[in-house]
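Please look at the sequence and the model before reading on.

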Amino acid sequence: MVAPFTGTVTIGALRTAFDDSTTTLQQAAQLGKKDYEYAIGPISTLTSSTDLSLRSIAFTPFDDGQVQVLAAHGTADAGSRIITVSLTVDNGDTTWLVDIARTKSATSSGASNTDARIDYRTTSGNVFRVLRGVRYRLAVSCDTAGSFSNVVAAIQIRSNRRRA
Amino acid sequence: MSVPYVPRAMYDGGNHDVEAINQNLRAIQRNIKRAMDLRYSTTPAVFPLTGLSSAAAASQRTLRITLPTSRQWQVVGAELVVCATAGATWSVSAGGTLWTGLSVATAGATTEAYDISEETIDPSAGVFTFTFSADVASTITSGYFVIHVCCDRGLQGSADFTGYSPTLLSSASSTDGSVLDTEMAAISAAVAQHQAATTDLRMQIFAVRDLASGGSTSMSLPSGSRTGTGATALQGAVVGPLGSTVSFSVSSTSFATVSKAVNGLGAAVLAQGSAAFSEVDANAPATAASDLTLTISRGADGGAVAPLSYMIVWWS
């Protein structure tokens, strides 16, 4: 910032200088929003009989975060196979996830990559957070006959900076 | 954070009110401090343990994390989940630290045994070394280790924050102009430090066991608000047979590839690659075509499987 006050100190220059500092601080604060994921996979083969322990991950966030997306994808062995990604509270408690659709399914159109994805970044629909200290479970499943290969599922979470 | 503001408006045609200006200088001091107080971010990383045998060499039962140069963060929590035939106790320790560690008593091949720690672990000479072991012969049918890390963006080496403390104006002074110049310069410098200290430090781990000659595996993650650090973007580790070369890459607008010839089974050969990456279409997690892809691949050297390969991607 150049030295604005040599000679006459003007109100306009003062106003500009003060506005600059507050605007810059606000803009820098927006840079604090960062995204990260919990992910499962790649799972080499996923069928309807794959045990939950092999197709899910349970985790306990150490900070609150806003859920951005749930996503899962895999390569189906044929058409009409259904892959589903889901988020639940690990002990079955619905308190923390009441009334929010937490699953997304997709049906394969053939022996091809199939992607199930639900976007919670909305200005008019449901938004929700995962909370510090609550144990969640992210799972992926094949809900039909047949199988998916090379399966990956993820939950993306957006965090803001916080105080210690 | 609360919206930064100054309490006294400066209107054209008004008089210079020394106390009004001083109130604004004090408010700016508070704004800057509040902004920098929001300096911590906490994120996880997951290391898979599926298929790990207690009889495996120590190098195959170890996760080694080397912090990028001049960067700092702490592990503030960890979780261990193991499914294995009942009768064994699996543990994880952190070498060179005072961490208590985690232990779980196995309860069945598909039954999760779980433990969690909220102890803070500082690195030993910039390195975290986690070692997994069992008290009796055991093989993990399904399992993973989650570490939760906390980063202080004010301690990332480039712009350690010092804040702003105003020299207030005095109505008896005849040098208000030069005092204001000095204060505006100090404010500008403090705000610039705050801007420069926007870099925190986060990581993603991607691992594969028993990677065959000529094999490759990849994981695609939704595009997000994320950029490579530009300093050290990749760390790769391999435990594999003589002559094998494993490559690690992040596919996006630019590649970062680290290759290391492995000189025989033994301690993990660590390689660190330096490259910046940014996502094809950052902040587009609903678009599969924008996904960030992590790939581990091995040359067709004809050797036996590489028991463990993992990459750590650093980003901010």
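## Basis

This is a predicted model, in which local features need pLDDT of at least 70, side-chain atom pairs count only at pLDDT 80 or more, and totals for chains, interfaces and linings use all residues. Residues are numbered from 1 along each chain, chains are lettered from A in the order in which they are written, and side-chain values use heavy atoms, without hydrogens or water.

## Chain B

Chain B has two helices and 16 strands; these are DSSP runs numbered from the N terminus, with helices being H or I of at least four residues and strands E of at least two. Of its 316 residues, 53% are buried, meaning under 20% relative accessible area with a 1.4 Å probe, protein chains only.

## Strand β11 of chain B

Strand β11(B) (residues 234-239) is largely enclosed by the rest of the structure, because six of its six residues are buried. One side carries B:Leu234, B:Gly236 and B:Val238, and the other carries B:Gln235, B:Ala237 and B:Val239. In a regular strand, side chains alternate between the two faces of the sheet.

β11(B) pairs with strand β16 (residues 306-315) of chain B in the antiparallel sense, over six bridges; pairing requires at least two DSSP bridges. Within this pair, B:Val239 is opposite B:Leu308.

## Nonpolar cores

A nonpolar core is a set of buried Ala, Val, Leu, Ile, Met, Phe, Trp, Tyr and Cys residues joined through side-chain atoms within 4.5 Å. The largest has 57 residues, of which A:Val140, A:Ile155 and B:Met311 touch the most other members. Strand β9 (residues 148-159) of chain A gives the most to this core, seven residues. A second, separate core has 40 residues, including B:Leu67 and B:Trp99.

Conventions: Buried < 20%, exposed > 50% of the residue type's maximum accessible area, 1.4 Å probe, protein only.
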